[in-house]
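Colleague: Hi! Could you walk me through this one when you have a minute?
Modeller: Happy to, let me put it up for us.

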Amino acid sequence: MPRRRTDQERPQRRKACQQAPGDAFRCVGCRLDVPVIAPGTAHRNHCPHCLTSLHVDHRIPGDRRAACRGRMAALSVSVRQDGEWLIIHHCQSCGELSANRIAGDDNALALLRIAIRPLYDTRLPVSALLAL
């Protein structure tokens, strides 16, 4: 699976985290304990196993100001021009969409599964997708 190019690092804003670096949280999807530290990103915002997230950030990653606190399901992936992958999450409570960077320890099989979802969805003609 292609990862983002290391010659062009995308800078991140550093903020004081509300959780201590050694803390972990429990995933609302698979109920596994997830460490807060994530390789390749400054803010862990989804489970690396099932890619489920909580709607906690409002406008800036890591701000933890969203009032919704709903469960966010991984809907799709997107790729930036520099090759970096983003997970598109959909909030099950309020319906908001958000894009989150993948982390280095994310489950590659789960990422590929949602990346190829349009190819096996029977509502979309495969020939139309391949013509793009």
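Modeller: One term before we start: a salt bridge here is a side-chain nitrogen of Lys or Arg within 4 Å of a carboxyl oxygen of Asp or Glu. Also keep in mind that this is a predicted model.

Colleague: Good to know. How many salt bridges does the count come to by this rule?
Modeller: The count comes to three. In one of them, the side chains of Glu84 and Arg80 meet, with 2.8 Å from N to O.

Colleague: Is Glu84 buried or exposed?
Modeller: Glu84 is buried, because its relative accessible area is 3%, and the cut-off for buried is under 20%. Arg80 is partly exposed, with 27%.

Colleague: And which salt bridge does Arg101 make with its side chain?
Modeller: The side chain of Arg101 also meets Glu84 in a salt bridge, at 2.6 Å from N to O. Arg101 lies in strand 6 and Glu84 in the loop between strand 4 and strand 5, so this pair ties together parts that are 17 residues apart in sequence. Through shared partners, salt bridges join Arg80, Glu84 and Arg101 into one network.

Colleague: Nice. Is Arg101 buried or exposed, then?
Modeller: Arg101 counts as buried, because its relative accessibility is 13%.

Colleague: What about Arg26, which residue does it form a salt bridge with?
Modeller: That one is Asp33, and the closest N and O atoms are 3.2 Å apart. Arg26 is partly exposed at 46% relative accessible area, and Asp33 is partly exposed at 49%.

Colleague: Let's switch to the strands. How many bridges join strand 4 to strand 5?
Modeller: Seven, and the two strands run antiparallel. As one example of the pairing, Ser76 stands opposite Ile88 in strand 5.

Colleague: And what do strand 4 and strand 5 form together?
Modeller: They form a hairpin with five residues between them. Gly83, in the turn, has a positive phi of about 95 degrees.

Colleague: How many bridges does strand 3 have to strand 4?
Modeller: Two bridges join strand 3 (residues 53-54) to strand 4 (residues 71-79), and this pair runs antiparallel. Leu54 has Arg71 as its bridge partner in strand 4.

Colleague: I keep looking at His89. Where does it lie?
Modeller: His89 lies in strand 5, which spans residues 85-91. His89 counts as buried, because its relative accessibility is 0%.

Colleague: Which backbone oxygen does the side chain of His89 reach?
Modeller: It is the backbone oxygen of Leu51, at 2.7 Å. The side chain of His89 also makes a polar contact of 2.6 Å with the side chain of Asn100.

Colleague: Which residues does His89 touch, leaving out those up to four places away in sequence?
Modeller: Quite a list: among them are His46, Thr52, Ser53, Met72, Leu75, Glu96 and Leu97. Leu51 and Asn100 are on that list too.

Colleague: Tell me about Asn100. Is it buried or exposed?
Modeller: Asn100 is buried, with a relative accessible area of 11%. Its place is in strand 6 (residues 97-101).

Colleague: Which side chain does Asn100 meet in a polar contact of 3.0 Å?
Modeller: That would be the side chain of Asn45. Leaving out residues up to four places away in sequence, Asn100 touches Asn45, Trp85, Leu86, Ile87 and His89.

Colleague: Great, thanks for the tour!

Terms used: Residues are numbered from 1 along each chain as its sequence is written. This is a predicted model: local features need pLDDT of at least 70, side-chain atom pairs count only at pLDDT 80 or more; totals for chains, interfaces and linings use all residues. Side-chain values use heavy atoms; hydrogens and water are left out. Helices (H or I, at least four residues) and strands (E, at least two) are DSSP runs, numbered from the N terminus. Buried means under 20% relative accessible area, exposed over 50%, partly exposed in between (1.4 Å probe, protein chains only). A polar contact is a pair of N or O atoms within 3.5 Å; within protein, one must be able to donate a hydrogen and the other to accept it, and residues adjacent in sequence count only if both atoms are side-chain atoms. Contact means heavy atoms within 4.5 Å. Two strands pair if DSSP finds at least two bridges between them.
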